[in-house]
Amino acid sequence: MSAVIAAVVRDALVQTASITALIGSAPNSRVYASYRPNSELPAIILTYGQDVDISPTFGRTDRLRKLTVTVDCMAETLKASRELAEEVREALHGSRGAYRSTIVIEMRVTSTSTEYDLGGDADDDQAHITSVTVECTYRSPAVNPTTITDPNAQP
């Protein structure tokens, strides 16, 4: 997975005023990658899924890729979780442009779902989680394939 495109998705969230009003602004924004924090709510947890070639070619000249990201919007109440998820949807759906030397062709929200997390331990906070699934289509940097040779081959 391209670390750059993962950062682009995070940056799109923390640069949106309506979202930072709810989760705080940099450097204290409550946006985390792949783990549930023991911090105040609301918070956003990003989980990066598949990063695949859209139409790969044998010559490796195709650089079009798609990254799936799950944005978990955690809050103490269902209403707050859904409101944060709606802000995320509005910020990401249809986003495009060039940022961090990467061309984002489009971010598309494909689904939204809600669940209630009871917490794993007695001291874990309970939270409502609304998950927003986003597909990010982007153009990756050019590849530099290595030519594989057999050093022991006979001429």
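R65 touches D51, V52, D53, I54, C136, T137, Y138 and S140, leaving aside residues up to four places away in sequence; contact here means heavy atoms within 4.5 Å. This is a predicted model, in which local features need pLDDT of at least 70, side-chain atom pairs count only at pLDDT 80 or more, and totals for chains, interfaces and linings use all residues. Residues are numbered from 1 along each chain as its sequence is written, and side-chain values use heavy atoms, with hydrogens and water left out.

**Residue R65**
- R65 belongs to strand 3, strands being DSSP runs of E of at least two residues, numbered from the N terminus.
- R65 has a relative accessible area of 17% and is therefore buried (under 20%, with a 1.4 Å probe and protein chains only).
- A polar atom of the R65 side chain lies 2.8 Å from the backbone oxygen of D51.

- Six strands form an open sheet with mixed pairing, in the order 1-2-3-6-5-4; two strands pair if DSSP finds at least two bridges between them.
- Strand 1 (31-33) and strand 4 (97-99) stand at the edges with a single partner strand each, so one side of each has no neighbour in the sheet.
- On average, neighbouring strands of this sheet are turned by 35° against each other, direction ignored; axes are lines fitted to C-alpha atoms.
- Strand 3 (residues 64-75) pairs with strand 6 (residues 127-139) in the antiparallel sense over 12 bridges.
- L67 has C136 in strand 6 as its bridge partner.

**The helix**
- Helix 1 (residues 3-14) lies across strand 1, strand 2 (43-53), strand 3, strand 4, strand 5 (102-117) and strand 6; helices are DSSP runs of H or I of at least four residues.
- Helix 1 runs at about 65° to strand 5, where angles run from 0 to 180 degrees between N-to-C directions and the helix axis is fitted over the stretch in contact.

Technical notes. Buried means under 20% relative accessible area, exposed over 50%, partly exposed in between (1.4 Å probe, protein chains only). A polar contact is a pair of N or O atoms within 3.5 Å; within protein, one must be able to donate a hydrogen and the other to accept it, and residues adjacent in sequence count only if both atoms are side-chain atoms.
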